Amino acid sequence: MSRRIHSTNNNARQDWRRNRIWHRPWILNAGRVALLLALTGLAAGPARAQDGMAETQPLKMVEYSIPPQALGPALNAFADATGWQLSFPTKMAEGIHSPGVSGSHVPEQALSALLAGTGLTYRVTGANAVTLMQGPPAPAALPEEKPVSLLAEPARDEERPVKAKPIKVPEIVVKEVKEKGYTVDDSTSATRIPVPIQDTPRSIEVVTRQVMEDQKVIRFSDALRNVSGVTQYSTQGGQGGSFMIRGFASDDGLNVFKNGFRDDGAYSSRAQRDVINLESIEVVKGPPSYLYGRADPGGIINQVTKSPLKTPYYSAEMIVGSYGLYRPTIDIGGPLNDSKTLTYRFNGLYESAESYRDGVKSERVFLAPTFGWEISSRTTLRIEGEYLYDRTPIDRGLVAIGNGVANIPISRFLGDPSRKSDTQSGKATLTLWHEISDMFKWRSAFRASVARQRYSSLESNFLVGPETDGILNLARYEIPTMVQSHYWQNELHGAFSTGTIKHKTILGIELGREASSATTSGDFGGDTSTPGAFSYINIFNPNDRLFLNQRLSKFSDTSQTNNILGAYFGDHAALLDTLHMHFGGRFDLFDQSITTRPDDLTPTGSSDTKTDTAFSPSIGLTYQPVKPVAFYVNYTESFVPQSAGSRSIDGKLFNPERGRSYEGGVKLQTYDGKLRSTIAVFDVTKKNVLTSDPLNGFAFSVATGKQRSKGIEFDVQGQILPGWDVIANYAYIDARVKNDLLFAEGSRLSNSALHQGSLWTTYFFQEGVVKGFGAGVGMFAQGKRNGVFQCQDPANCAAPFELAGYVRMDAALYYRKPEIFGRTNMMAALNFTNLLDQRYFSGTQNFREIVYTGAPFTVIGSLKFEFH
């Protein structure tokens with residue numbers, strides 16, 4: 001079937017954005033054929049739709065099998081089946097659920113069924129073209145005695161002509177809307193305003209909800225393997241975790257955000273993050289300080305949460321798996337009043353699990369209510385809450401022996417698994433949107449977070465005597481901690497033109513306050529020269545161990561407060577239809593205050609304060625010779641303040657770490673946008689890195705360190721054929737020490753692999769007796785990595801060792817059955833992780849005594865029901 005493309009006037013871009021969905025022939029010999037078809041359609045389209053008048057032509061019966069789902073994907077499925085063109089404002093379909101349709105119907109009848117109960121109707125605007133609008137649902141084109149049935153296939157009618165209504169509509173800008181598959185069109189994370197990814201001069205990768213569902217991702221960190229050059233190299237023993245982007249480590253998850261608010265491990269997320277209430281995860285590569293403030297130069301990871309729903313939706317899922325995993329979840333939502341101005345969404349779970357690690361048991365509760373209120377046609381309010389309870393042992397993994405990891409079972413727990421870290425945290429977010437005029441909108445958002453953690457552990461400390469003896473000294477810690485953070489963002493968003501140049505702008509200010517208080521008590525193992533005077537475990541024979549319960553010494557009692565002021569701006573300008581520019585920057589004032597109270601080792605207290613200011617600019621250009629191809633370049637900077645407690649031997653404070661990045665690349669996508677890829681080349685440098693001062697016995701620091709990462713990344717995701725989806729990536733990252741007084745210059749940064757990549761692909765049968773069945777297969781690979789930094793003089797730091805490279809294979813089997821019984825869909829899956837039972841290690845914490853293990857062969861079964 002050939003395509004028809006309706007030409008539009010691009011100067012008519014105002015509040016409306018037109019959504020066009022085409023029937024797509026997928027078996028194409030080459031890109032040249034696709035381009036030829038598009039150009040042919042451009043020539044034919046205006047002649048077939050003059051003056052917006054509809055033609056009279058017969059409408060054939062079409063076979064549909066569209067399950068209940070979000071309205072956007074349902075309309076995509078309708079367009080694929082009929083070849084019809086649908087136009088509507090993008091926001092109109094957000095948060096709306098469609099009841100679906102099945103059986104043989106003429107297109108108008110099927111469209112009316114899809115819109116039933118949504119509060120939307122449609123107008124016919126041309127041959128096989130309609131515009132959606134608010135209002136009562138349009139009547140289905142059926143005989144009066146045979147109303148539409150969504151549960152049973154109606155009697156098959158003969159082909160008959162249907163006269164369309166001649167209606168003229170204003171010209172509006174065209175924008176594609178895709179199914180909720182493996183790709184998305186727009187991202188707000190790179191610019192804080194919605195801009196097509198293809199037009200944005202940054203490398204942006206999105207892990208969609210569908211990817212997480214297909215892979216049965218449970219923890220946030222597991223989803224990140226779908227993005228090139230991103231890993232969680234340290235779990236921090238089961239806490240918030242530390243991440244690496246483009247070879248640069250981000251301690252305490254400094255570069256992790258949620259809905260644009262900071263969600264780091266220091267002042268927000270003290271336990272492993274869950275994904276149950278996430279709609280997607282967006283990763284923006286390169287220094288992000290031009291909009292987000294302090295951050296490492298590798299990039300940011302932004303979690304996007306689910307929205308309230310305007311149509312009722314209820315789902316329940318049971319997940320069970322290896323090592324005693326038991327995880328029931330619910331996801332419900334809908335309107336709270338007849339006018340649908342009050343809506344809600346609620347996600348909740350309970351999780352109980354054991355582990356492949358000996359004696360480890362964990363428990364988790366997560367609750368996430370969200371409410372929406374359309375105060376008026378121009379004003380909306382969204383309120384989100386989160387509560388997390390997490391109880392799990394602190395697990396530091398294995399230890400290094402010689403030049404590698406000790407040859408002991410990965411199941412061996414080197415400590416006391418009966419001691420736990422108990423964490424309770426809560427978050428509340430209020431977001432107010434007000435449309436001031438057709439050109440300007442105001443966003444005011446406030447986020448408050450508080451977390452209490454009771455850290456109790458008996459964990460690895462250091463090996464006593466010869467490594468081959470395997471006697472591991474254990475340290476005991478008791479650390480009650482409370483952290484809280486408050487952020488308030490106010491932004492003015494604009495969409496206007498200056499002459500022929502179209503602008504999307506943002507002008508914002510952020511105020512923040514972060515506070516933490518922790519008391520650390522511990523027993524560092526006692527007198528290791530006296531047998532029986534210290535806690536230990538023999539790593540080769542865990543029955544040879546001694547766990548003492550001695551008096552603990554309080555060696556730290558501190559509190560810290562950070563005050564943040566950030567002012568930022570950005571402009572995404574369409575200089576031409578083929579040339580886009582984004583520029584912006586942020587000024588930051590970051591004030592730290594650290595108070596140290598007397599403890600058992602230090603009889604006097606102290607306080608330190610430090611104030612840093614920084615301006616971080618960004619500029620980038622995108623050139624699109626044809627719509628599916630975009631070349632881009634950018635330059636960006638970042639900054640991270642040094643700790644207020646860090647001083648040189650003469651008492652001077654240190655300047656912040658600064659990052660600079662040069663990046664260029666190309667983005668490719670098919671004409672329908674269902675398959676897209678990005679190739680990026682980058683060169684990032686970080687300077688003012690603190691390094692030990694050898695002139696003063698390494699007891700003090702100097703800010704003379706410099707690190708550099710350069711490489712190439714490739715990401716691809718989307719639909720190859722109907723039912724066949726793929727997401728894959730590869731990264732070559734050469735991250736090295738350039739200047740340092742302690743670490744060897746030219747050596748590779750720890751935990752950074754030279755080669756890294758992943759592949760995941762699924763296929764679902766589309767017809768016949770096997771319709772609804774599917775399978776998935778994938779792999780994740782990392783090259784060898786340095787376990788610790790390599791020193792210029794080995795006598796000054798830990799001996800180097802390597803983590804071996806590995807390839808992990810995964811697979812899945814699926815069965816999905818819409819309408820398995822009245823108004824109920826069923827989805828069943830079996831996911832297999834580490835199918836070949838590969839022994840591997842995910843990273844270290846830059847100590848020989850902390851090496852994090854990867855899970856062995858694991859099976860997860862899930863059964864989900866959706867009710868509508």
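Guide: A residue is called buried under 20% relative accessible area, exposed over 50% and partly exposed in between, with a 1.4 Å probe and protein chains only. Glutamate 713 is buried, and arginine 246 is buried too. The model is predicted: local features need pLDDT of at least 70, side-chain atom pairs count only at pLDDT 80 or more, and totals for chains, interfaces and linings use all residues. Residues are numbered from 1 along each chain as its sequence is written, and side-chain values use heavy atoms, with hydrogens and water left out.

Visitor: Why does glutamate 713 count as buried?

Guide: The relative accessibility of glutamate 713 is 2%, and therefore it counts as buried.

Visitor: What makes the pair of glutamate 713 and arginine 246 a salt bridge?

Guide: A salt bridge is a side-chain nitrogen of Lys or Arg within 4 Å of a carboxyl oxygen of Asp or Glu. In this pair the closest N and O atoms are 3.0 Å apart, and a salt bridge is assigned. Glutamate 713 belongs to strand β41 (residues 701–721) and arginine 246 to the loop between β16 (242–245) and β17 (248–250), so the pair ties together parts that are 467 residues apart in sequence. Strands (E, at least two residues) and helices (H or I, at least four) are DSSP runs, numbered from the N terminus.

Visitor: Which lysine forms a salt bridge with glutamate 713?

Guide: Lysine 285 does, with the closest N and O atoms 3.1 Å apart. Since lysine 285 lies in strand β20 (residues 278–285) and glutamate 713 in strand β41, the pair ties together parts that are 428 residues apart in sequence. Lysine 285 has 0% relative accessibility and therefore counts as buried.

Visitor: How many salt bridges does a search of the whole structure find?

Guide: The search finds 51 salt bridges. One of them joins arginine 357 to aspartate 395, with the closest N and O atoms 2.8 Å apart. This pair links distant parts of the chain, 38 residues apart: arginine 357 is in the loop between β24 (342–353) and β25 (362–374), and aspartate 395 is in the loop between β26 (379–392) and β27 (400–401). Arginine 357 and aspartate 395 are both buried.

Visitor: Why are α2 and α3 called roughly antiparallel?

Guide: Axes are lines fitted to C-alpha atoms, for helices over the stretch in contact, and angles run from 0 to 180 degrees between N-to-C directions. Angles under 35 degrees count as roughly parallel, over 145 as roughly antiparallel, 65 to 115 as roughly perpendicular and the rest as oblique. The axes of α2 (residues 71–82) and α3 (residues 107–115) cross at roughly 170° and come within 11 Å. The two helices are therefore roughly antiparallel to each other.

Visitor: Which residues of α2 and α3 meet?

Guide: Contact means heavy atoms within 4.5 Å. Leu71, Ala74, Leu75, Phe78 and Thr82 in α2 meet Pro107, Ala110, Leu111, Leu114 and Leu115 in α3. By class, this contact has nine nonpolar, one polar and no charged residues. Here Ala, Val, Leu, Ile, Met, Phe, Trp, Tyr, Cys and Pro count as nonpolar, Asp, Glu, Lys and Arg as charged, and the others, Gly among them, as polar.

Visitor: What makes α2 mostly covered?

Guide: Ten of its twelve residues are buried, among them Leu71, Phe78 and Thr82. The helix reaches 16 Å from its first C-alpha to its last, close to the 16 Å expected at 1.5 Å a residue; the expected span is 1.5 Å times one less than the number of residues. Glycine 83 follows α2 and has a positive phi, near 80°.

Visitor: Is tyrosine 323 partly exposed or buried, and why?

Guide: Tyrosine 323 is partly exposed, because its relative accessible area is 33%. Tyrosine 323 lies in the loop between β22 (313–321) and β23 (325–335), and its phi is near 60°, a positive value in a residue other than glycine.

Visitor: What is the phi of asparagine 834?

Guide: Asparagine 834 has a positive phi of about 55° although it is not a glycine. At 0% relative accessibility, asparagine 834 counts as buried.
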